[in-house]
Amino acid sequence: MEDLLLSIHVLAGIVFVGGSAVATSLFPRYAPVTTSVTVSPAAPGAPVDARPEPPGDRNRAVAVALHRITRGYGVLGAVVPVAGIILALVQGRMGEIWITVSMVLTAVAGGLLALHICPGQRDALADPDDGGRLRALSMAAGIYNLLWAIVVVLMITRPGSH
């Protein structure tokens, strides 16, 4: 039973957390942005609405796919803490500090994904701006990935374990 739970925990972490980590990191590169307001050549001095940035690395379809991956894998990633908690209960390790710290960091990462990253991606797709929102999403993705990296280190080193 322990081997099955550990396998589910690790595989779900690699596939779902890893997939969401990559998708959150790549989203800002492909999400649409607007260029600054320009002057119309037909009527000098008349402002023209901001237009989507010309193609380059930006690709709305890729950004939409990355948002779906972020959201979908984020939801499926709930398997990781569930399997981890059941495994810790089966092994009698729930009181160990590394488990508690990992659970707190996992909750913070999940909250960041659910409350900031996914809504930010949705908003960036619905109403592109000059890239300010994408810079904030890049920073949030970095924090999200750092939280998971710390959890992985805790899982390997198990500080305070018996």
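Start by selecting Ile69, which sits in helix 2 (helices are DSSP runs of H or I with at least four residues, strands are runs of E with at least two, and both are numbered from the N terminus). Ile69 is partly exposed, at 32% relative accessibility; here buried means under 20% relative accessible area, exposed means over 50%, and partly exposed is in between, with a 1.4 Å probe and protein chains only.

A quick note before you click on: this is a predicted model, where local features need pLDDT of at least 70 and side-chain atom pairs count only at pLDDT 80 or more, while totals for chains, interfaces and linings use all residues. Residues are numbered from 1 along each chain as its sequence is written, and side-chain values use heavy atoms, with hydrogens and water left out.

**The nonpolar patch**

Helix 1 and helix 2 (60-76) each supply at least two.

**Along helix 5**

Now select residues 132-157, which are helix 5. Its 26 residues reach 38 Å from first C-alpha to last, close to the 38 Å expected (the expected span is 1.5 Å times one less than the number of residues). Color the buried ones, among them Leu134, Ala141 and Val151. What do the buried residues of helix 5 pack against? Look for helix 1 (2-30) and helix 4 (97-126).

Stay in helix 5 and pick Asn145. Asn145 is partly exposed, at 23% relative accessibility. Leaving aside neighbours within four places in sequence, Asn145 is in contact (heavy atoms within 4.5 Å) with Ala21, Thr24 and Ser25.

Next, click Arg158, in the segment after helix 5. Arg158 isn't a glycine, yet has a positive phi of about 45°. Arg158 is partly exposed, with a relative accessible area of 35%.

**Into the core**

Time to go inside. The largest nonpolar core has 26 residues, and those with the most contacts inside it are Phe27, Ile117, Leu134, Leu137, Tyr144 and Trp148. (A nonpolar core is a set of buried Ala, Val, Leu, Ile, Met, Phe, Trp, Tyr and Cys residues joined through side-chain atoms within 4.5 Å.) Helix 1, helix 2, helix 4 and helix 5 each supply at least two residues of this core. Zoom in on Trp148: setting aside neighbours within four places in sequence, Trp148 touches Val17, Thr106 and Ala109.

**Last stop: salt bridges**

How many salt bridges does a search of the whole structure find? Two, each counted when a side-chain nitrogen of Lys or Arg is within 4 Å of a carboxyl oxygen of Asp or Glu. Select Glu96 and Arg93 for one, at 3.4 Å, N to O; both residues are buried. Then select Asp123 and Arg122, at 3.6 Å, N to O. Asp123 is partly exposed at 35%, and Arg122 is partly exposed at 47%.
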